Amino acid sequence: MSDSSPLPPVRLHPEPELARAALSTPLLSRAARLARWAGPDTRVDAGGGLVEEQLPAAAELLGLGGDDAAAYASEAWRVAVDTGLVEIVDEEAGTVRAGEELTLLTGGSPADVLGVWLAALETVIADAGVPDLDDLVGALDEGGEIDFSSVDWDPEAEADFLDGVLGNLYLLTVSEDGPGDGPVPLPALAASMIIPDDMGEPTNDVLEQVSDAMMRLDDQFRMLEPVGLVEYQPVDEALMADADEEPAAPVDDTDVSRYGMVRLTPLGVYGLRARLLEAGLEAPAVGELADKGADALLDGTARFGQAAAQAETEQWLTRRESPAAARELLAAARGADAGAPLRRLRCQQALSLIGAEAEPALREVLDDPELGGLARVWLSERGAAGVPAPSQELVFWLTIDTVAAQLAAEGNSEELQALVEGLAAQHSGFFATAWRVEHPATADVLEAMGRLHPDKKVAKEARKAAFKARSQQGG
């Protein structure tokens with residue numbers, strides 16, 4: 001996740017809904033109950049943890065039982081301290097009191113509640129990167145220092161690994177071609193961190209690394225579920241049994257869910273986006289452009305997938321009168337810069353969401369050399385009367401502009417290849433005319449057509465036309 005390019009835009013749930021979800025998470029609700037329970041007789045140790053003799057009472061208050069009750073109570077207490085729900089009054093005496101943040105959970109805004117939850121999330125993510133406590137105790141040397149090498153643990157590398165996994169999970173969740181709200185198999189997440197993109201068949205050593213990573217992630221996602229970041233189906237215990245042991249029930253080796261399935265909750269999406277923004281990454285959210293101008297909308301959605309761009313544009317349009325919105329969009333679509341073709345494509349897509357009220361604005365630009373083509377397309381698609389036929393010059397200019405926009409939006413996609421093949425087939429002598437088109441992207445478009453067209457003869461014609469166009473442009 002070190003790439004500086006923006007991430008796909010995410011559709012966040014409303015803050016009040018997210019705040020209610022945060023308050024109902026097991027870990028934060030337990031921490032809040034302990035903060036209300038803490039009083040003058042509550043004592044903490046030098047590290048701020050609840051003293052051992054008070055853990056049974058804390059566990060009973062939380063309704064916890066079993067061998068892990070004290071550990072769960074201790075974890076909730078640590079979250080209460082780290083989030084400010086509990087304040088340490090006197091470190092030497094080990095006395096505490098309810099913190100100022102506790103009032104935010106009942107009397108604060110949704111943003112206040114989410115701020116407390118984000119602090120809890122940081123605590124849990126930090127804990128998830130720490131190895132088993134017994135291993136750490138065994139690694140203490142005589143001076144009380146931890147020998148990290150003896151437990152095969154590099155704190156910085158472990159934190160980076162978990163951040164990378166969570167970043168990949170976020171990317172899979174918000175990408176238009178990802179699973180969305182669906183779960184992600186744990187092996188796929190582990191492999192995304194271990195197997196290089198250019199590796200063909202993974203070696204046995206690499207597969208063993210993936211298996212080890214899966215086991216680490218299994219422990220970590222079990223820890224991250226109670227804070228509400230994820231919903232997690234753990235790895236089937238039968239998979240971790242000794243090979244010599246007879247399975248208790250028939251095992252289906254083709255069932256990928258047995259290897260662990262994880263999905264981000266809506267609260268988790270919010271939390272990871274906040275962490276990505278804090279780390280300096282560009283992580284847009286649908287709706288952020290709704291109160292900005294049309295220039296910001298067209299430039300911003302240029303990097304969005306089609307569904308996200310439409311959702312953003314719909315929110316933008318709901319705040320404006322249709323005729324004024326159409327004129328603002330058309331004005332913002334003008335330009336000869338490299339981003340202008342994609343702006344015009346996004347403008348055309350935005351105008352398709354406006355009804356007949358936009359017609360006067362479109363008729364006003366019929367003679368505009370940059371907008372006249374898309375105006376004719378819009379009017380013709382709606383069966384408007386009196387739409388003047390475009391000149392051949394305008395047809396070719398619009399064609400170059402459209403291909404340039406598709407190149408910027410999708411790169412060398414199959415859809416663009418089909419468009420290129422169709423253009424060359426439908427227009428006899430297309431390249432003989434196309435290289436003369438006075439459009440800044442003419443040469444680049446013709447070069448792309450030469451790359452994309454499968455017919456060698458046609459591709460050669462396109463490359464020759466691109467050379468002529470570049471010579472004409474003086475490049």
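Modeller: A definition must come first: helices (H or I, at least four residues) and strands (E, at least two) are runs assigned by DSSP and numbered from the N terminus. The model is predicted; local features require a pLDDT of at least 70 and side-chain atom pairs a pLDDT of 80 or more, while totals for chains, interfaces and linings use all residues. Residues are numbered from 1 along each chain as its sequence is written, and side-chain values use heavy atoms, with hydrogens and water left out.

Serine 322 counts as partly exposed because its relative accessibility is 21%. A contact means heavy atoms within 4.5 Å. Not counting residues up to four places away in sequence, serine 322 touches Ile354 and Glu357. With glutamate 357 there is also a polar contact, side chain to side chain, at 3.3 Å. Such a contact is a pair of N or O atoms within 3.5 Å; within protein, one must be able to donate a hydrogen and the other to accept it, and residues adjacent in sequence count only if both atoms are side-chain atoms. Leucine 353 is 31 residues from serine 322 in sequence, yet their C-alpha atoms are 9.7 Å apart in space.

Threonine 442 counts as buried because its relative accessibility is 0%. Its side chain reaches the backbone oxygen of valine 437 at 2.9 Å and that of histidine 439 at 3.0 Å. Setting aside residues up to four places away, threonine 442 touches Ile400, Ala434, Trp435, Val437, Ala469 and Gln473. Its helix, α21 (residues 442–452), is mostly covered, with eight of its 11 residues buried. Among these are Val445, Leu446 and Met449. The buried residues of α21 pack against α18 (392–410), α19 (414–426), α20 (430–434) and α22 (456–472).

The next topic is the nonpolar core, meaning a set of buried Ala, Val, Leu, Ile, Met, Phe, Trp, Tyr and Cys residues joined through side-chain atoms within 4.5 Å. The largest one has 71 residues, and those with the most contacts inside it are Leu85, Tyr170, Phe221, Leu229 and Val230. Its largest share, nine residues, comes from helix α6 (residues 110–128). Helix α6 also holds aspartate 127, which counts as buried because its relative accessibility is 18%. Beyond four places in sequence, aspartate 127 touches Arg78 and Met223. Valine 230, again leaving aside neighbours within four places, has contacts that include Leu169, Phe221, Val262 and Leu264.

The strands come next. Two strands pair if DSSP finds at least two bridges between them. An open sheet is formed by three strands in the order β3-β5-β4, with antiparallel pairing. Its edge strands, β3 (184–185) and β4 (230–233), each pair on one side only. Two bridges join β3 to β5 (residues 261–264), and valine 184 stands opposite valine 262 there.

Helices cover this sheet. Axes are lines fitted to C-alpha atoms, for helices over the stretch in contact, and angles run from 0 to 180 degrees between N-to-C directions. Helix α8 (residues 155–174) lies across β3, β4 and β5, at about 70 degrees to β5. Helix α10 (residues 204–224) lies across β4 and β5, at about 130 degrees to β4.

Elsewhere, β1 (residues 86–90) and β2 (residues 95–98) run antiparallel and are joined by four bridges. They form a hairpin with four residues between them, and glycine 94 in the turn has a positive phi of about 75 degrees.

Helices α2 (residues 26–37) and α4 (residues 69–82) have axes that come within 8 Å and cross at roughly 80 degrees. They are therefore roughly perpendicular; that word covers 65 to 115 degrees, while under 35 counts as roughly parallel, over 145 as roughly antiparallel and the rest as oblique.

Taken as a whole, the chain has 22 helices and five strands. Of its 475 residues, 41% are buried. Among contacts with a separation of 6 or more, 64% join residues 24 or more positions apart.

Methods:
Buried < 20%, exposed > 50% of the residue type's maximum accessible area, 1.4 Å probe, protein only.
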